[in-house]
Amino acid sequence: MRELRDETVVDVLTDNGIGVLALSGPTGAAPYPLPVAFGYDPATDSLAFHLSESDESQKHRYLAADATVGFTVYEETEPKSVWRSVVVTGELVEATYDEVEPALASLASNTQFAPNPVSWDDTSTTTPYELRIDDWYGREFRVG
């Protein structure tokens, strides 16, 4: 296993579109991990998500209690022999579409089924969020 340099961490975030967001939640509650589509724009260092939520959703309750989150992205760069993973920590905050537009453009280009905030569904709203990055690290695992 080896640590990834920051440039490689940026490559992993830029080249991928799906990861796992882990919400901290209320005191004593188990973490709430969920797969999400994301976009990263290295020029603005912006990591953005569309999250569907309602006031009654578990995501909403967890974010209201604690906006500190972890986010993991992983990729297999050489089949069955090389894997990379990146973990990002920070605060997840509601954003405007203008603030995160470059990152959301990356989401649209890296995700087969990018969420469309205009036609989501009737029972929830789709809100843009930005993960304000406190720290990140990456690792590469090689077999053999």
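Two strands are taken to pair if DSSP finds at least two bridges between them, and helices (H or I, at least four residues) and strands (E, at least two) are DSSP runs numbered from the N terminus. The structure is a predicted model, in which local features need pLDDT of at least 70, side-chain atom pairs count only at pLDDT 80 or more, and totals for chains, interfaces and linings use all residues. Residues are numbered from 1 along each chain as its sequence is written, and side-chain values use heavy atoms, with hydrogens and water left out.

**Fold and hairpin**

The chain has three helices and seven strands, which follow the pattern β-α-β-β-β-α-β-β-α-β along the sequence. Strands β5 and β6 run antiparallel and are joined by ten bridges, with R84 in β6 as the bridge partner of E75. Three residues lie between the strands of this hairpin, where K80 takes a positive phi near 60°.

**Cores**

Buried residues (under 20% relative accessible area, with exposed being over 50% and partly exposed in between, for a 1.4 Å probe and protein chains only) make up 44% of the 144 residues in the chain. A nonpolar core is a set of buried Ala, Val, Leu, Ile, Met, Phe, Trp, Tyr and Cys residues joined through side-chain atoms within 4.5 Å. The largest such core holds 25 residues, of which L13, L21, F49, F71 and L92 touch the most other members.

| Element | Residues |
|---|---|
| α1 | 6-15 |
| β2 | 18-23 |
| β3 | 32-41 |
| β4 | 46-53 |
| α2 | 58-65 |
| β5 | 68-78 |
| β6 | 82-94 |
| β7 | 125-142 |

A second, separate core of seven residues includes A37, A48, A95 and A103.

**Contacts**

With contact meaning heavy atoms within 4.5 Å, and not counting residues up to four places away in sequence, L92 touches L21, L23, F49, L51, L63, A67, V69, Y129, E130 and L131. Y32 lies in strand β3 and counts as partly exposed because its relative accessibility is 22%. Leaving aside neighbours within four places in sequence, Y32 is in contact with L21, A22, L23, Q58, K59 and Y62. Among contacts in the chain between residues at least 6 apart in sequence, 74% join residues at least 24 apart.

**Surface**

By the Shrake-Rupley method with a 1.4 Å probe, where for residues only the protein chains shown count as cover, the accessible surface of the chain comes to about 8,100 Å², of which 50% belongs to carbon and sulfur atoms. F141 is placed in strand β7 and, at 35% relative accessibility, counts as partly exposed.
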